[in-house]
Amino acid sequence: MSGGKDVIIEVKNFTAKYGDNVIIDDISFEVYKGEIFVILGGSGCGKSTLLKHMIGLYKPARGNIMIKGEDITQAEGRDRIDILKEIGVAYQLGALFGSMTVLENVMLPLEEYTDLDADARHLIARMKLELVGLDGSEQKMPSELSGGMIKRAALARAMALDPEVLFLDEPSAGLDPITSAELDQLIIQLSRSLGVTFIVVTHELSSIYAIADRVIMLDKSTKNIIAEGKPEYLRDHSTIPVVQKFFRRQTDEQLGA
């Protein structure tokens with residue numbers, strides 16, 4: 001517990017390197033159950049690097065990542081699989097398999113990680129597609145989908161195993177403003193109705209204001225977290241120039257720097 005809130009993910013003294021190049025240096029933060037938590041920052045600050053470590057693709061140079069009290073950085077074998085089943089991931093470009101229908105894409109995690117029969121897998125996959133507004137698109141191929149539909153299908157697949165945490169990598173990237181706003185509303189709806197915790201990597205300011213309960217901002221120069229809190233509070237009260245510029249969409253000249 002932290003301030004009366006349930007901690008579902010805890011990142012402790014985390015450092016990430018590529019070779020000798022330190023990308024993120026000794027950061028710590030917590031994610032609370034049921035919140036929409038956004039990781040943001042400028043290009044090259046380590047947003048995607050942090051996400052890849054949090055979903056278990058890489059091991060940190062130092063530190064721990066606890067998911068529901070279990071350390072994904074140390075777990076192996078069956079223990080690691082059990083932790084990974086608690087999370088779902090929707091990648092920036094969707095990462096749908098082009099040779100499979102939308103329904104088959106969503107069914108894939110159920111085939112890999114459950115003993116459910118075909119009828120049950122079909123039913124669950126259809127339910128997930130209905131949740132994201134894609135009922136009627138089950139037999140379409142990914143090539144037949146719009147950009148927004150691809151994002152929704154990827155989200156349905158990420159939800160297939162009923163994970164408690166969903167990671168979204170740049171969900172609004174490449175979408176027009178209306179489609180992006182619709183996806184923002186879907187994220188909010190799923191969070192509130194299902195109690196799912198969302199961890200979203202993005203630099204899209206309109207989406208950040210729309211969905212974020214809380215954010216952390218990474219900084220390329222310090223390799224650390226330079227701001228944490230509600231986006232509106234950081235916009236109105238932060239005294240850090242780079243934070244002000246980001247949330248107010250201002251240049252150095254506009255800030256009077």
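**Entry 1: Phe247**

I started at Phe247 and listed its contacts, leaving aside neighbours within four places in sequence. Phe247 is in contact with Leu40, Leu205, Ile208, Tyr209, Val215, Met217, Pro231, Leu234 and Arg235. I note at once that this is a predicted model.

**Entry 2: the cores**

Next I looked up the largest nonpolar core. That core has 43 residues. Phe247 is among those with the most contacts inside it, together with Leu155 and Phe198.

**Entry 3: Ile24**

I moved on to Ile24, which lies in strand β2, residues 21–32. Is Ile24 buried or exposed? I looked up its relative accessible area and found 1%. Buried means under 20%, so Ile24 counts as buried.

Then I asked what Ile24 touches, not counting residues up to four places away in sequence. Phe14, Thr15 and Ala16 are on the list.

**Entry 4: helix α3**

I turned to helix α3, residues 102–113. Which of its residues are buried? I noted Val102, Leu103, Asn105, Val106, Met107, Pro109 and Leu110. I then looked for what covers them. The cover includes α4 (118–131) and α5 (147–158).

**Entry 5: the whole protein**

I stepped back to the whole chain. I count 10 helices and 10 strands in the protein. Its C-alpha trace spans about 60 × 40 × 40 Å along the principal axes.

I compared the radius of gyration with that of a compact globule. For 257 residues, the globule would have a value near 18 Å. The protein has 19 Å, which agrees.

Of the 257 residues, 48% count as buried. I also checked contacts between residues at least 6 apart in sequence. Of these, 63% join residues at least 24 apart.

**Entry 6: surface and charge**

The protein exposes about 12400 Å². Carbon and sulfur atoms supply 49% of that area. For charge, I noted 28 positive and 38 negative. Their mean positions are 4 Å apart.

Definitions and conventions. Residues numbered from 1 in each chain as written. Predicted model: local features only at pLDDT ≥ 70, side-chain atom pairs only at ≥ 80, totals over all residues. Heavy atoms only, no water. Helix = DSSP H or I, 4+ residues; strand = E, 2+ residues; numbered from the N terminus. Rg over C-alpha atoms; globule rule 2.2 N^0.38 Å. Buried < 20%, exposed > 50% of the residue type's maximum accessible area, 1.4 Å probe, protein only. Contact = heavy atoms within 4.5 Å. Areas by Shrake-Rupley, 256 points an atom, 1.4 Å probe, with all protein chains shown as cover. Lys, Arg positive; Asp, Glu negative; His and termini not counted. Charge placed at Lys NZ, Arg CZ, Asp CG, Glu CD. Core = buried A, V, L, I, M, F, W, Y, C linked by side-chain atoms within 4.5 Å.
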